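Please look over the sequence and the model first.

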Amino acid sequence: MSIKEIDKQYIAGTYDRFPIEIVSGKGSLVYDDEGNEYIDMTSGIGVTSFGIADDEWKNAAIEQINKVQHMSNLYYTQPCAELAKVLCERSGMKKVFFANSGAEANEGAIKAARKYAAEKHGEDCYTIVTLSNSFHGRTITTLSATGQQHYHEMYHPLTEGFRHTTVNDIYEFIALISKIKVAAVMIECIQGEGGVITLDYDFVKELREVTAQKDILLIVDEVQTGNGRTGKLYSYMNYDIVPDIVTTAKGLAGGLPIGAVLLGEKVKDVFGFGDHGSTFGGNPVCCSAALSVINRIDDKLLNSINEKSQYIKDELKSVNGVEDISGMGLMLGIKTVKPAKEIVKICMDNGVLCLTAKDKVRLLPALNIDTDALKKAVNVIKEACKV
Ligand SMILES: *Cc1c(COP(=O)(O)O)cnc(C)c1O
C-alpha cells in the first residue's frame with residue numbers, strides 16, 4: 001500500500017489533503033517523495049516561523065532534548081521560566097500560562113475571563129462576545145466562540161455564554177453590552193481563517209476604550225497573527241492598544257506544539273493553585289525552541305517582513321486577475337477573479353505551495369524567506385492569477 005492509501009484507510013477523514021507527500025525540506029524549500037521541489041508559502045499554516053529544519057531553531061530544541069525533554073509542571077525548568085519572562089517583557093503582559101495549541105490557549109483565556117468577571121461582577125457575568133466570521137479553535141468551547149455558523153452544525157449543544165457581533169461595527173457592540181452583562185470580548189485583529197480580514201484601526205481603538213470603561217476584558221487571539229507574522233511582534237501593536245489577555249500558538253515554537261495565554265495587569269493573579277493546568281504545557285523542548293524564535297524577532301527582522309510584504313503587494317496589485325490584497329506583514333490574502341482553489345493548484349503544479357482562506361489565496365511564508373525564493377514564488381503566483 002502507498003502512503004496515500006494507508007492514510008485514507010487509517011486516518012480519520014477530517015483533512016482534504018493535497019496530492020503530494022512531503023518528505024524533507026530546508027528553509028523555504030520542501031521536497032516531495034518524487035524529488036520535486038516546492039517553495040513553501042504556507043509555513044505549515046504560519047507555524048514554521050523560520051522555515052523547515054532551520055539550524056538555530058533545531059539547535060535550541062536538540063540541546064534541550066539532550067538535557068531533559070519533559071519533567072511535568074511539578075518541577076521548575078529553565079526554558080519555561082525564561083520564555084515567560086521574555087514574552088512578558090516584549091508584550092507588556094504580566095504572567096503566562098502555557099498550553100499546547102491555539103484552541104487550548106483560547107480555552108485558558110476564556111477560563112481566566114470567566115473567573116475574573118465572576119469574582120468582580122458576579123456569577124451572572126460570564127458572556128464573552130466574539131466577532132462574526134471569527135475563528136478561535138475546534139474544541140466545543142472555542143467552536144462556540146467561533147462566529148461562523150457552519151462550524152457549529154452537528155456539534156450541539158454548544159457551550160453557553162457566547163454572543164457574536166459584527167466586525168467593525170462599534171455601535172452594535174455598544175448596544176449589546178447595554179442589554180447584557182459581558183465578561184470579555186475576544187477578537188483577532190486580522191481574521192485569518194475568516195479570509196484575512198483586517199479590522200479597522202478605529203474599531204479596535206474604540207473597542208479598547210469602551211471595554212476599559214466598563215471593566216470588560218479585551219482578549220486578542222494572536223494564534224495566527226502573533227510572533228512577528230504581521231510585521232510587529234503581536235498584531236495588536238499595529239493598533240496602539242494594550243489588551244488584557246493575549247493568546248498565541250502556531251508560530252511561537254517554530255514547528256513544535258505550544259500555546260500561551262499572556263495575562264495582563266488586571267488578570268495576572270486570576271489563576272491560583274489548581275485553577276488550571278496542563279501535562280505538556282510549558283514543555284522544555286517546545287519552550288527552548290520558542291525562546292530561540294522570539295529572540296530572533298527583532299526590529300531588523302520586523303522591518304524586513306514589512307519590506308517583503310510591500311514587495312508582494314506591489315507585484316500583485318498590477319496583475320490583471322487580482323482584485324484586492326488584504327492583510328499585514330507576511331499574512332496576506334489575495335482576492336482573485338479565478339477561484340482561489342484553482343490558483344493554488346496551478347501554483348502547486350509550478351512548484352509553489354499556497355493556502356486558501358475563504359474565497360482568497362492566503363500567503364503565510366516563513367518570516368525569513370530569502371528574496372530569491374520569494375521572487376520566484378511571486379512570479380508563479382502572478383502568472384497563476386492572470387486572466
Ligand atoms: C489556528 C487558530 C486557532 C486554533 O489553533 P489550534 O492550534 O489549531 O488549536 C485559534 N485561533 C486562531 C486565530 C487560529 O488561526
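On helix α3, the exposed residues Glu63 and Asn66 sit on the face turned away from the buried side. Buried stands for under 20% relative accessible area, exposed for over 50%, and partly exposed for values in between, with a 1.4 Å probe and protein chains only. Trp57, Ala60, Ala61 and Gln64 are the buried residues of α3. They lie on the same side of α3 because they cover an arc of only 85° around the axis, the arc being that of the directions from the helix axis to the C-beta atoms.

This is a predicted model, in which local features need pLDDT of at least 70 and side-chain atom pairs count only at pLDDT 80 or more, while totals for chains, interfaces and linings use all residues. Residues are numbered from 1 along each chain as its sequence is written, and side-chain values use heavy atoms, with hydrogens and water left out. Helices (H or I, at least four residues) and strands (E, at least two) are DSSP runs, numbered from the N terminus.

The expected span is 1.5 Å times one less than the number of residues in the helix.

| Helix | Number of residues | Span between end C-alpha atoms | Expected span |
|---|---|---|---|
| α5 | 20 residues | 28 Å | 28 Å |
| α13 (residues 371-385) | 15 residues | 21 Å | 21 Å |

Helix α5 (residues 102-121) also gives the most to the shell around the ligand, with 3 residues. In total, 13 residues surround the ligand, and the closest are Gly102, Ala103, Asp221, Gln224 and Lys250. The shell has 3 nonpolar, 6 polar and 4 charged residues. In this scheme Ala, Val, Leu, Ile, Met, Phe, Trp, Tyr, Cys and Pro are nonpolar, Asp, Glu, Lys and Arg are charged, and the others, Gly among them, are polar.

An N or O atom in the side chain of Gln224 is 2.8 Å from a ligand oxygen, and a polar side-chain atom of Lys250 is 2.7 Å from one. The protein covers 82% of the 380 Å² of accessible area that the ligand has on its own.

The buried residues of α5 include Gly102, Ala103, Ala105 and Asn106. At the start of α5, a side-chain oxygen of Ser101 comes to within 3.2 Å of the backbone nitrogen of Glu104. Gly122 follows α5 and has a positive phi, near 105°.

Ala53, in the loop between α2 (43-46) and α3, has a phi of about 50°. With a relative accessible area of 22%, Ala53 is partly exposed. Lys358, in the loop between β16 (355-357) and β17 (360-363), has a phi of about 50°, and its relative accessibility of 44% makes Lys358 partly exposed.

A cis peptide bond, with omega about 0°, joins His156 and Pro157. Pro157 lies in the loop between α7 (149-152) and β6 (162-165).

How values were computed
Near = heavy atom within 4 Å. Polar contact = N/O pair within 3.5 Å; in protein donor to acceptor, adjacent residues only side chain to side chain. Areas by Shrake-Rupley, 256 points an atom, 1.4 Å probe, with all protein chains shown as cover.
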